Amino acid sequence: MDVEQVTDELYGLRPSAFTAARDAYAAEARRAKDAAAARAIAALRRPPLAVWAANLLARERPEEAERFLALAEALRDAHRTLDGERLREASRQQHRLVAALVRTAAGLAEEAGQPVSDTVLGDVERILHAVLARPDVAGPWARGRLAAMPEAAVGFPDVPTEALTARPPRRPGEDRDDGKGRGS
């Protein structure tokens, strides 16, 4: 049994259909005496509704997902290099694109016969922010295989700590407070 193909199929199902289909595939693998496949399939977890909606977005709108992943890379790179102008531009794009993608996910879920609440849409937004900040979330999401709600994304983990605490370079002729109430 092709576990990758089964995984793709399962994560494409509505959450309400996931468990029964997963169990049926695991039983089929056991009957075929494919213990490794049976274990791998049985270990798959039903995604929460928000995760399913986010996966649906990536699966049904791959061009938009690709554009979003490109923005994610641009944002991570701008944060790594502390490029203020690129950060501002990418942040403007981020806000517009996240809002548009959340609306698209809501529409896709509705079309699939699974309307979602505002609370679920808030979770979809949090997932998209995690996709922006964390490549370990972006990869599974892009394949429509995110299985669980990712931890909340706080900042961009690739920004070196020393870059955040370093003082900006002094401009010629600029006085700087040395922290003791005196200019330097």
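Arg 22 counts as buried, because its relative accessibility is 10% and buried means under 20%. This arginine belongs to helix H2 of a model that is predicted. Apart from neighbours within four places in sequence, Arg 22 is in contact with Leu 10, Ile 41, Ala 42, Leu 44, Arg 45 and Arg 46. Arg 22 is also one of the H2 residues that meet H1.

**Overall architecture**

- The protein chain contains 9 helices and 0 strands.
- Along the sequence, the elements of the protein chain follow the pattern α-α-α-α-α-α-α-α-α.
- Of the 184 residues in the protein chain, 36% count as buried.
- Contacts between residues at least 6 apart in sequence include 66% that join residues at least 24 apart.

**Packing of H1 against H2**

- Helix H2 covers residues 15-31 and packs with H1 at an angle of about 160°, the two axes being 9 Å apart.
- H1 is therefore roughly antiparallel to H2, since angles over 145 degrees are classed in that way.
- The crossing in which H1 passes H2 is right-handed.
- By residue class, the contact of H1 with H2 comprises 6 nonpolar, no polar and 2 charged residues.

**Packing of H1 against H3**

- The axes of H1 (residues 3-12) and H3 (residues 35-42) come within 10 Å and cross at roughly 20°.
- H1 and H3 are therefore roughly parallel to each other, as angles under 35 degrees are counted in that class.
- This crossing of H1 and H3 is right-handed.
- H1 contributes Val 3, Val 6 and Leu 10 to the contact, while H3 contributes Ala 37, Ala 40 and Ile 41.
- The residues in the contact of H1 with H3 divide into 6 nonpolar, no polar and no charged.

- Ala 27 is located in helix H2 and is partly exposed, its relative accessible area being 21%.
- Ala 27 and Arg 39 are separated by 12 residues in sequence and by 10.0 Å in space, C-alpha to C-alpha.
- Lys 33 is found in the loop between H2 and H3.
- With a relative accessible area of 75%, Lys 33 is exposed.
- Although Lys 33 is not a glycine, this residue has a positive phi of about 60°.
- Most residues other than glycine have a negative phi.

**Helix H4**

- Of the 12 residues of H4, 9 are buried, so this helix is largely enclosed by the rest of the structure.
- The buried residues are Ala 50, Val 51, Trp 52, Ala 53, Ala 54, Asn 55, Leu 56, Leu 57 and Ala 58.
- Their cover includes H1, H2, H5, H6, H7 and H8.
- At 1.5 Å a residue, H4 should span 16 Å, and its end C-alpha atoms are 16 Å apart, which agrees.

**Helix H5 and the residue that follows**

- Helix H5 (residues 62-81) has 20 residues and should span 28 Å at 1.5 Å a residue; the end C-alpha atoms of H5 are 28 Å apart, in agreement.
- Ala 65, Phe 68, Leu 69, Leu 71, Ala 72, Leu 75, Arg 76 and Ala 78 are buried in H5.
- The elements covering these buried residues include helix H4 (49-60), helix H6 (84-111), helix H7 (118-133) and helix H8 (135-142).

**Pro 115 in the loop between H6 and H7**

- Pro 115 lies in the loop between H6 and H7, and with a relative accessible area of 47% this proline is partly exposed.
- Not counting residues up to four places away in sequence, Pro 115 touches Ala 109 and Glu 110.
- The C-alpha atoms of Pro 115 and Ala 53 are separated by 9.6 Å, the two residues being 62 apart along the chain.
- Ala 53 is itself among the buried residues of H4.

How values were computed:
Residues numbered from 1 in each chain as written. Predicted model: local features only at pLDDT ≥ 70, side-chain atom pairs only at ≥ 80, totals over all residues. Heavy atoms only, no water. Axes fitted to C-alpha atoms, helices over the stretch in contact; angles between N-to-C directions. Helix = DSSP H or I, 4+ residues; strand = E, 2+ residues; numbered from the N terminus. Parallel < 35°, antiparallel > 145°, perpendicular 65-115°, else oblique. Left-handed = near helix turned anticlockwise from the far one by under 90°. Contact = heavy atoms within 4.5 Å. Nonpolar A, V, L, I, M, F, W, Y, C, P; charged D, E, K, R; others polar. Expected span 1.5 Å × (residues − 1). Buried < 20%, exposed > 50% of the residue type's maximum accessible area, 1.4 Å probe, protein only.
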